[in-house]
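Please read these notes alongside the structure. They take up the ligand surroundings and then the domains.

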Amino acid sequence: MKLCMIGTGYVGLVSGVCFADLGNDVICVDNNVDKINLLKKGKIPIYEPGLSELVIKNFKNKKLNFSTDLKKSIKDSDIIFICVGTPTKKGGSSADLSQIYKVSKEISSSINKFKIIITKSTVPVTTGDEIEKILSKKNSKKKFSVVSNPEFLREGEAIRDFVYPDRVVIGTNDKKAGRILKNLYTPLISKGASYLQTSRRAAELIKYASNAFLATKITFINEIANLCEKTNINVEDISIGMGLDKRIGSRFLRAGPAYGGSCFPKDTKAIITTADKFKTNLSVIKSVIKSNENRSKILLDRINRILNRKIKNKIITFLGVTFKANTDDMRDSSSLKMIPWLLKKGAIIKYFDPTGYKTEFKKFKNVINKTSIKDAVHRADLVIIHTEWNDFKSINFKSLVKGKKFMIFDMRNIYSASKIKDQGLKYFSVGK
Ligand code: UDX
């Protein structure tokens, strides 16, 4: 099939490359000329394990191409995936759909034969209806079908998630489009992915409801972790005990910092705004957002207590500053809240991140980037393990202590307390 991905951000690029690898002819379009030129040279603007190799391979064998010519790319394709951003509106909480509607207008004037137009971007319920209205102004309804096909890719695991998804959700009542899309996804369905065809609105909501539910699970275990700390219980025992109940499941029950990233914070806010529009109060999700916003305060208070309320002039090292491991994404990372607060209290921050220097901290004089774990922890008072990179999972801390001993606050519960204590270092973790 000939596919066109509009937007070569995370979703568009990963999906486009993976579709090409399944044997489709894919053209990835973006209005950012520099990005397209980089991609043509095999250079990837984001950090995603395995992505670069797949781009180079499929570009070489001509299954994948890149372009800035939107009109031509649409005309040449059978299926158009809209993969542009739907960030939170500035100063608001609803999704900003301006890019979606701009692209829809452009598609509208380039429909030369039957096309399936798919929203892969996360879009609020009824966005598909709006796109259909835009397209209908210039085109007969026989010439196109608007479908919702949400993505469920996790950053850092995106290629695996694409190739082995739990489910493929197709939102359409159009039989022809349903048949074509089932064919497109057959290689994944035959490997075990569940295939669910629903109404378009249901598919749109499945995405938001899934993300809101996962955010709820994390927030829930984070609050239980707070109780564990007061009652001398290990939260990991609770996660295991709860997870063994098949109705609950063990995943997304790891206590830690506030959830972040490009999806959960934005999507939890957007689903509430959508529900408000339909006069429905999603009180559980509202509490989740509030609790998550409070999470960094709770961890900062813990840091304050670990340092005997003397943060001034203390050297605090962050191992990892992104919102989770295996990504270079800083969006809504809890480090963006914690580091400025610690600086205000007079701390000096050093950080090491496997994905390197972060411009987000450029404006702060007392934030120093280090290019190795060894340099980052040198002379530190407190080392915070903020993300769960493999690089941080078997550090011989004792060998890194030169003179002054540092304490460790393991926000991801990577280490065993007894092993670290055997090394003669003070160790703190979450929910224990
Ligand atoms: C998420 C969804 O998982 C994915 O399906 C959707 O398409 C996009 O949003 P992603 O943002 O890449 O993916 O991150 P994810 O791995 O889901 O983690 C989100 C946040 O939750 C991170 O901050 C992570 O550290 C945190 N988390 C996750 C926990 O704190 N505990 C857990 O048990 C799981």
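1. A backbone N or O atom of L253 lies 3.4 Å from an oxygen atom of the ligand. This is a predicted model, and the distance is a computed value from it.

2. For L153, a backbone N or O atom is 3.3 Å from a ligand oxygen atom. For E155, a polar backbone atom is 2.6 Å from an oxygen atom of the ligand.

3. The ligand is surrounded by 18 residues. E155 is listed with the closest of them, together with R254, G260, K324 and R412.

4. The protein chain is split into three parts: domain 1 covers 2-160, domain 2 covers 208-244 + 258-293, and domain 3 covers 295-429. Between the C-alpha centres of domain 2 and domain 3 the distance is 24 Å.

5. How many residues of domain 2 are in contact with domain 3? There are 14, and they touch 12 residues of domain 3. About 1100 Å² is buried between domain 2 and domain 3, with carbon and sulfur atoms giving 41% of that area.

6. One salt bridge is counted between domain 2 and domain 3. A salt bridge joins the side chains of E229 and R302, at 3.3 Å from N to O. The count of residue pairs in polar contact between domain 2 and domain 3 is six.

7. On the side of domain 2 that touches domain 3, the elements giving two or more residues are helix 9 (200-231), helix 10 (235-243) and helix 12 (283-306). The residues of that side comprise seven polar, four nonpolar and three charged.

Technical notes: Residues numbered from 1 in each chain as written. Predicted model: local features only at pLDDT ≥ 70, side-chain atom pairs only at ≥ 80, totals over all residues. Heavy atoms only, no water. Domains from an automatic or database assignment. Contact = heavy atoms within 4.5 Å. Buried area = accessible area lost by both parts, 1.4 Å probe. Salt bridge = Lys/Arg side-chain N within 4 Å of Asp/Glu carboxyl O. Polar contact = N/O pair within 3.5 Å; in protein donor to acceptor, adjacent residues only side chain to side chain. Helix = DSSP H or I, 4+ residues; strand = E, 2+ residues; numbered from the N terminus. Nonpolar A, V, L, I, M, F, W, Y, C, P; charged D, E, K, R; others polar. Near = heavy atom within 4 Å.
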